[in-house]
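Trainee: Please help me read this structure. I would like to understand the words used for it.

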Amino acid sequence: MTTQDSGKVALITGASRGIGYGIAEALVARGDKVVITGRGEDALKEAVEKLGADRAVGIAGKAHDEAHQAAAIERAMEAFGRVDYLINNAGTNPVFGPMAELDLNVARKVYETNVISALGFAQQTWKAWQRENGGAIVNIASVAGVSASPFIGAYGMSKAAMVNLTLQLAHEFAPVVRVNAIAPAVVKTRFAEALYEGREAEAAAAYPLGRLGVPEDIGGAAAFLTSSQSDWVTGQTLVVDGGIFLNAGVA
C-alpha cells in the first residue's frame with residue numbers, strides 16, 4: 001500500500017541509525033518526507049535506501065559544525081522546499097566516570113555536540129522556514145537529564161540543558177512553532193549498548209513494563225509531538241521510560 005504524501009518535511013539529526021532512524025521511519029510511514037544527517041556517508045546512504053529515495057535524502061557532517069547545519073537546511077529546501085519539523089537527536093557520550101575526574105575539554109565537547117548543535121539547527125530552521133510558516137521542534141533529551149546519572153554525568157548535564165533549551169525556545173517561538181522534548185530511558189541502540197550488552201534481561205528487570213525501549217517507541221512519541229494531535233502542547237518534556245521512574249525511592 002502506498003503511503004499518502006502528507007506534504008510535510010522533517011529534518012532529523014543523527015538519524016542514520018538508532019533513535020533518529022526510528023523517528024525517520026515513523027514520519028515516513030505517515031507520509032512525511034525527511035532529511036537525515038549523520039557522520040558517515042555509507043550509513044546515511046543505507047538509511048536513505050531503506051526509507052525510500054523518493055521520501056528521504058541524507059547529508060553527512062558533524063552536528064556541531066555550523067557549515068553543516070546550514071548545508072542541511074539548504075539541502076532540505078532544495079529537495080523539498082520546506083522544513084516543517086526539526087528533530088534534534090544527534091548526541092555523544094564519550095566518557096564514563098565520576099564528575100570529580102571529568103576532563104573539562106571532554107565536557108565542552110559533549111555540551112557542544114549535544115546542546116549547542118541543537119540550538120544552531122533550531123536557529124537555522126527558524127530563519128529558513130518556521131518563522132514565517134510554523135512547525136514544530138522536538139529535542140531528544142534523556143532521563144539522565146531529569147535525574148542523577150552516575151558515571152555519565154556529563155551526558156546528563158547536557159541533556160538537562162536540552163530540557164531547558166526546550167523551554168526557552170518554546171517561549172520564544174510561540175505561537176508559530178511548538179517546541180517539546182522527549183526523555184527516553186535506555187533504548188536498545190548501538191549508542192546505548194554499554195548500558196545493557198551482555199546483561200539485557202537483568203537491565204530490563206528493573207523496568208515495570210518488563211523490557212528496554214526500542215527506537216520505534218521514541219518514533220511514536222516524536223510522531224505525536226509533530227502532529228495536529230499535539231497542537232496545544234509546547235514546552236513539555238515527555239518521559240518515555242518503560243515506567244522506570246515508578247521505582248524511584250522504592251527499597
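Mentor: Let's start with a definition: contact means heavy atoms within 4.5 Å. Helices (H or I, at least four residues) and strands (E, at least two) are DSSP runs, numbered from the N terminus. This is a predicted model, where local features need pLDDT of at least 70, side-chain atom pairs count only at pLDDT 80 or more, and totals for chains, interfaces and linings use all residues. Residues are numbered from 1 along each chain as its sequence is written, and side-chain values use heavy atoms, without hydrogens and water.

Trainee: What do the buried residues of H7 pack against?

Mentor: They pack against helix H1 (18–29), S5, strand S6 (177–184) and strand S7 (237–240). Among the buried residues of H7 (residues 215–225) are Pro215, Ile218 and Leu225.

Trainee: What makes Phe96 exposed?

Mentor: Phe96 has 63% relative accessibility, so it counts as exposed. The cut-offs are buried under 20% relative accessible area, exposed over 50%, partly exposed in between (1.4 Å probe, protein chains only). Phe151, at 45%, is partly exposed.

Trainee: Which residues form a stacked pair at 4.1 Å and 10 degrees?

Mentor: Trp126 and Phe173 do. Trp126 lies in helix H4 and Phe173 in helix H5, so the pair ties together parts 47 residues apart in sequence. Both Trp126 and Phe173 are buried.

Technical notes. Phe/Tyr/Trp six-rings, centres within 6.5 Å; stacked < 30°, edge-to-face > 60°.
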